[in-house]
Amino acid sequence: MKRTYWVFLGLVLLGLPSLFHSESLNPAAAITMGLFLMAGLFWVTAPIPIYATSLLVILLQLVLLSKNAPGVQYFSFPYPAELAPSPAVFTGTLAHPILILFLGGFMIATVAVKFSLEKNLVRILLAPCGSSPRLLLFGILLATALLSAFMSNTATTAMMVAMLLPVLSRLTADDPLRIALALAIPLGANLGGMATPIGTPPNAVAIGALASSGIRLDFGQWMLMAVPLTLTSLLLGGLCLLALYPPKAKKIDLQIPGRFDRTGSAVLMYLVTGFTILLWATESLHGVPSTVTAFIPVALLPALGLITKEDIRSISWEVLWLVAGGISLGISLEKTGLATWIVGLIDWQTLPFFLLVAGFLGVSVLLANFLSHTVTTTLLVPLALSLGTSGVISGPGEMALIAVSIAVASSFGMSLPISTPPNAIAISTGAVNSPQMFQLGVVMAILGSLLTWFFATWLWPHLLSFNQ
Amino acid sequence: MATSFIIQSMNRAPASLAILCLEDEREVLKAIIRDLAPFEEKFRIEPASNVSEAREILVELKRGGHPLALALCDHLLPGTTGTEFLVELNKDPATQPARKVLITAHAGLQETIQAVNEAGLNYYISKPWTAEQLQQVVRDELTAYILQQKINPIHYLAILNTPQLAQAIATSNLETDT
């Protein structure tokens, strides 16, 4: 049983650092290091589901690292009381503000699907593209990205596949446009996730970790950074697709039937959704935190009967818990002093900021091809932020830049069918094969890394101003 | 991994569900199996030329952990009728969820009523059939089975009714971003 070996190895890694006492590495930091190694191994090899690993991390933190924890008393660690957070700090990550923001996003996505709002949006977004195959390709990229900025990338992909596959089947079998369109859907979904804080879970990981370090990044600030990056990479991605798969069809007949739901409930839903998104995007004008705004749909949609208890049960709670475990681990990493200890291992002073960003986002893109994007971000962001708390990089501005770079870079990890669920769906349709996906994925990983690096080191610093 | 669930089930997916074809005329059975070729990759196709053979196959399938997804049955069989066999399938909890299709040229009104009421018949194909017609019926019935049994549709996207299955993925949260 391979799975048993991984579990055994994980438990060994959990205990190992505690065996080595040193002046600089206090017992609590050693436990945290064990936790980080075990969680990393479990997240990468997945002997248990990745969200289960997150919950296990929280349990171990409660037992070993919280104030008055049984482990602390039993083993009588010399654990400075001021370092030990209360148990509520760890369990509280399950309702971390960024996860409440996500919950708001889930509610909106659920209700939008119920009233077919997403399909109608795609319909009107694609209407101006007419029958030109090239315009249509860009239209599909943009529409998919827009939806996936507010819905899960996976649900968006599945919805677009359901809508567009009948169109593909009307093209001749040898028309490369089929492949281009089939690749455009996962590409748009993966890239669209970058655009807003609620687009995809890695964004939540970065914002959550920054919040733990006392840096607030609001909804609008995120979009100000990520939207131009998303649009640029969509444009480049579309051009790549056209170059690789030039369409043969001169025109394509796209008839998507449907009309907006105009019932009273639907109109109420449009109002709540529109108002919430408007408040999110304009946070810098009115100062209402996005978490507070997120609670508007969370409370009002059930109150209006638009979200039922079945809908509430269908929400992907495990995704929220996966992120919570990462945030929780980040708290111990910083509070126990492990972060400072890790940073002390390497002489960082020799590395300029632009090289640090390049290194972290490069590793992020690479890992994200093989691992869950959330896991990739969860493992890398706390390490990057520890450079800030220990003064290697200067101030909240650079910390925010590096965390956002890691998160968005993970969205460029999409060369394999297993890289992201949208890729798996696209491959499963049979309209595109793995080598074709790999080719585009490698091109996008390279272009995406360069673009993100350029944005993070040149453009974003001019867009952001942080209060120290 | 991000999609370990998908990969694990992808490995398990090929031919885990079964299609049973019961037809006593060898040539006709051959023709049905030939027409089912597009489904071979993802389903076990089990031919049987009489009822006792079909029962043995069902025992084998049960032992191997392969649920029966679809039974295609001729009506006129030596000693019994396809309808009676389908009624039998409908009474056994293990095969009750299977989709049931009768292929026949000679079923009277009485048998047809029995097939609908007691066997839970899902579709009636009258002989002669065309390959496209049979494939469309099989595709629809298998899609209905996948959705009804809440099996992850992702493995069947390419060969069954893609838009319908993709829609199910979109609304069911079977897969989410991680």
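Let's begin with A:Ser116, which sits in the loop between helix 6 (97-114) and helix 7 (117-126) of chain A. Helices here are DSSP runs of H or I with at least four residues, strands are runs of E with at least two, and both are numbered from the N terminus. Before moving on, note that this is a predicted model, where local features need pLDDT of at least 70, side-chain atom pairs count only at pLDDT 80 or more, and totals for chains, interfaces and linings use all residues. Residues are numbered from 1 along each chain as its sequence is written, chains are lettered from A and ligands numbered from 1 in the order in which they are written, and side-chain values use heavy atoms, with hydrogens and water left out.

Back to A:Ser116: its phi is near 55°, a positive value in a residue other than glycine. With a relative accessible area of 27%, A:Ser116 is partly exposed. (Buried means under 20% relative accessible area, exposed over 50%, and partly exposed in between, using a 1.4 Å probe and protein chains only.)

Now find A:Ala46, in the loop between helix 2 (27-45) and helix 3 (50-64) of chain A. A:Ala46 is not a glycine, yet has a positive phi, near 50°. A:Ala46 counts as buried because its relative accessibility is 15%.

Next comes A:Leu345, in the loop between helix 18 (338-344) and helix 19 (353-370) of chain A. Its relative accessibility is 56%, so A:Leu345 counts as exposed.

Finally, hop over to chain B, where B:Pro128 lies in the loop between strand 7 (123-126) and helix 6 (131-148). B:Lys127 and B:Pro128 are joined by a cis peptide bond, with omega about -5°.
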